[in-house]
Amino acid sequence: MRIATAAGALAIGIAATPAFAESAEDITVKIRGLGQFDVADYLQSGIARFLPAANGPDLSSGANFRRAYIGVQGNAFSVWSYNLNFDFGGSGGTEKDGHIQSAYIQYDGLAPFTFRIGAYPPPAGLEDSTSPQDTLFLERTAPSDILRNTAAGDGRDAASIIYASERFFGAISFTGGKVGDGVTFDEQQALVGRVSGVAYRDADTNIVLSGSITHVLRGAESAAGPGSPRLLTLSAAPELTVDATGTKLVSTGALDAGTATEWGAETGGNWKSLYAQAGYFGYRIDPRTAARNLAFHGWYAQASWVLTGERRRYNKSTAAFASPKPEKNATLENGGMGAWELAARYSDLDLDDRAGIAGAAAPAGGVRGGEQKIWTIGLNWYPDSVFKFMFDYQHVDVSRLGNATPFANVGQQFNALSARAQISF
């Protein structure tokens, strides 16, 4: 439906995404939404209940809205675009009050270059740039999340220069703190960069190479005055965030970091209905009060097969891949099945550095962050382009040395079952 008036040049369009405009060429507004309702059951062993509270003796099974986005985006006067998006969901097993997920303005008048400023997730990698409604599993991989969360991620104050063409993508961002951060006396300052290129393309294939680097110029100061600690923590949940305690089973703890540098090398591609993606990451922290640097690493590999023949689609504006679009929607009238996708993933995140041996104190300057290995298999159903249902099974293996007896090892193994119902428009 479209309504226009001669005097005010007011136009209203109603489609899958409603649009409102002063005129066809001036300002457009699109209403966007994403809802993700997750349920999960953590199948821990009886031994786990004897672990210290910080190491997840009883992860909280249950349900929560992982994301509940509502926002608007659009264009203005042919050369500007904007995005205002609020989230009422939560990543720690409980929902939060509404907060800014993305709020930016962007100048598009020098395409393929764009210039963006505000609060938003700056481009920080292939897995990071995959839209949350298009991920293969309920959560992104833990190794890529470490790089994403250090100086990027949702609600990050940033200014970016982005280049996006058919075969090449590049972005450099200067970032600060996050919307909703606690009080600091000087915000973190960092540079986040990503380059990506289509290495090969034909009618059935897209192969993409991606490289990322993050450099924290200075950490956020936690107190007033010279010499204030600049604390940085690397930590990750077990690729599932329904647990209401928000427990991170691997963590370096708070480190007083002078600077930090993280990098990632990733590749992804499809051949017809088959898709594969992998990445390796390195994380280096330069402590202000230690004589040596700390080094950690992680990697992942994942793949999927769309059983009904559709394929994952390459998005040049993000240099990442999007969900398959069903050739035939699932309805009783036409007998369609939608699209069905089978997926598998393995990830390994190692946050140990000179951890020492079990039963003894950690060596001087050592970090017992732990190592987390996760196998995941998933089944995704896309009945149409609006709804999505996901079913995941995980096997989690955490190895981590404790700092005191009798907890020489505070790791554990467990399985988890989870599911998601999603709507996006």
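Author: Start with the surface. The protein exposes about 19000 Å². Carbon and sulfur atoms supply 62% of that area. Keep in mind that this is a predicted model.

Reader: What does the secondary structure of the protein come to?

Author: Count helices and strands. Here there are 2 helices and 26 strands. Next comes the radius of gyration, which is 23 Å. The globule rule gives 22 Å for 425 residues, so the protein is as compact as a globular protein of that length.

Reader: What does the C-alpha trace span along its principal axes?

Author: About 80 × 55 × 45 Å.

Reader: How many of the 425 residues are buried, as a percentage?

Author: Buried means under 20% relative accessible area. In this protein, buried residues make up 47% of the 425.

Reader: What share of the contacts joins residues 24 or more positions apart?

Author: Take the contacts with a separation of 6 or more. Residues 24 or more positions apart account for 62% of them.

Reader: How many positive and negative side chains are there?

Author: There are 35 positive and 42 negative side chains. Then compare where the two sets sit. Their centres lie 3 Å apart.

Reader: Now a single residue. Is Gln-106 buried or exposed?

Author: Gln-106 lies in strand S7, residues 99-110. Its relative accessibility is 8%. The cut-off for buried is under 20%, so Gln-106 counts as buried.

Reader: Which side chains make polar contacts with the side chain of Gln-106?

Author: One is the side chain of Asp-108, at 2.8 Å. Another is that of Arg-116, at 2.6 Å.

Reader: Where is the place of Ala-330?

Author: Look between the strands. Ala-330 is in the loop between strand S20 (320-322) and strand S21 (339-353). With a relative accessible area of 26%, Ala-330 is partly exposed.

Reader: Which residues does Ala-330 touch, not counting those up to four places away in sequence?

Author: Ala-330 touches Gly-336, Met-337, Gly-338, Trp-381 and Pro-383.

Notes. Residues numbered from 1 in each chain as written. Predicted model: local features only at pLDDT ≥ 70, side-chain atom pairs only at ≥ 80, totals over all residues. Heavy atoms only, no water. Helix = DSSP H or I, 4+ residues; strand = E, 2+ residues; numbered from the N terminus. Rg over C-alpha atoms; globule rule 2.2 N^0.38 Å. Buried < 20%, exposed > 50% of the residue type's maximum accessible area, 1.4 Å probe, protein only. Contact = heavy atoms within 4.5 Å. Areas by Shrake-Rupley, 256 points an atom, 1.4 Å probe, with all protein chains shown as cover. Lys, Arg positive; Asp, Glu negative; His and termini not counted. Charge placed at Lys NZ, Arg CZ, Asp CG, Glu CD. Polar contact = N/O pair within 3.5 Å; in protein donor to acceptor, adjacent residues only side chain to side chain.
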